[in-house]
Amino acid sequence: MYVRTDPETNSRVVVTAERAEEIEDEWSKINGTWEYRQEEKRRYEATKEQLTKNFKGVVPSDNDIKWSLLNEDSIKHASVQDWGLYRNTIFQMGEILRKEEKHSMAIEKYLLVCYIDTCGPNNVGVPLGQKLEFGQKAFSKEFAFLAPGVLERVQKSAKAANKDLDGLKVVILDIGLKYKGAIPFTISPEESWEEIIKELKKL
């Protein structure tokens with residue numbers, strides 16, 4: 001069962017999965033996102049079909065399909081330096097891992113989000129490696145912000161994975177090495193960690 005806001009009564013209702021889909025369709029028409037929603041449905045079904053072939057006839061789980069779509073999105077956003085959108089996509093991947101109780105893997109995604117956030121991500125829409133126009137920046141430190149919700153997830157997943165602060169520091173240092181050259185971070189992983197740990201200690 002799902003909880004949704006009925007567009008006719010504007011009240012919260014408990015509905016079946018089928019009715020939840022119908023309600024989301026209705027809201028997309030109201031909000032002007034109907035075409036986008038239809039395109040995402042087509043992507044979902046196409047990905048489901050392809051994964052079923054890859055899995056030799058075994059129907060993939062909803063999370064398998066979502067993960068594949070998010071992976072595609074992350075590559076697309078990174079390729080044109082839309083780092084804000086990329087960051088949001090990585091966060092959604094972390095959410096899937098957390099819900100599947102893959103906490104160590106979720107921590108890596110959440111800390112990558114935090115590292116990006118400490119740099120202040122922008123969406124510039126310019127292919128990676130291409131010179132940015134005057135005034136364009138992949139990251140702007142003045143927009144840096146660590147979201148409490150992400151930090152809380154880091155904390156909870158760390159507890160579930162039995163990782164202490166030293167363990168988390170190792171993860172973010174590894175992230176710095178893993179993504180070096182792929183993401184034009186404007187601060188070092190050590191500097192990012194100092195900002196992250198300061199906020200973690202406030203929770």
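In the predicted model, the lining of the largest pocket draws at least two residues from each of β1 (2–5), α1 (17–31), α2 (34–54), α3 (62–79) and α4 (83–99). Among these elements, α3 gives the most to the lining, with eight residues. The space within the largest pocket amounts to about 1,100 Å³, and of the 28 residues that line the pocket, Glu-40, Tyr-44, Asp-62, Lys-66 and Leu-69 lie closest to its centre.

On the surface, a nonpolar patch is formed by Met-1, Val-3 and Val-14, which together present about 340 Å² of accessible area. Of these residues, Val-3 is placed in strand β1, an element that also supplies at least two residues of the lining of the largest pocket. The relative accessible area of Val-3 is 43%, and this residue is therefore partly exposed, a value that also meets the requirement of over 30% relative accessible area for residues that make up a patch.

With regard to the overall architecture, the chain contains eight helices and two strands, which follow one another along the sequence in the pattern β-β-α-α-α-α-α-α-α-α. The C-alpha trace spans about 50 × 45 × 45 Å along its principal axes, and of the 203 residues in the chain, 38% are buried.

How values were computed
Residues are numbered from 1 along each chain as its sequence is written. This is a predicted model: local features need pLDDT of at least 70, side-chain atom pairs count only at pLDDT 80 or more; totals for chains, interfaces and linings use all residues. Side-chain values use heavy atoms; hydrogens and water are left out. On a 1 Å grid over the protein atoms alone, a cavity is a set of points where a 1.4 Å probe fits but cannot get out, and a pocket is an open set with protein on both sides within 12 Å along at least five of seven lines; lining residues have an atom within 4 Å of a point. Grid points are joined across faces, edges and corners, and a volume is the space filled by probe spheres set on the points. Helices (H or I, at least four residues) and strands (E, at least two) are DSSP runs, numbered from the N terminus. Patches are made of residues with over 30% relative accessible area and no salt bridge: like charges are joined within 9 Å, nonpolar side chains (Val, Leu, Ile, Met, Phe, Trp, Tyr) within 5 Å. Accessible areas come from the Shrake-Rupley method with a 1.4 Å probe; for residues, only the protein chains shown count as cover. A salt bridge is a side-chain nitrogen of Lys or Arg within 4 Å of a carboxyl oxygen of Asp or Glu. Buried means under 20% relative accessible area, exposed over 50%, partly exposed in between (1.4 Å probe, protein chains only).
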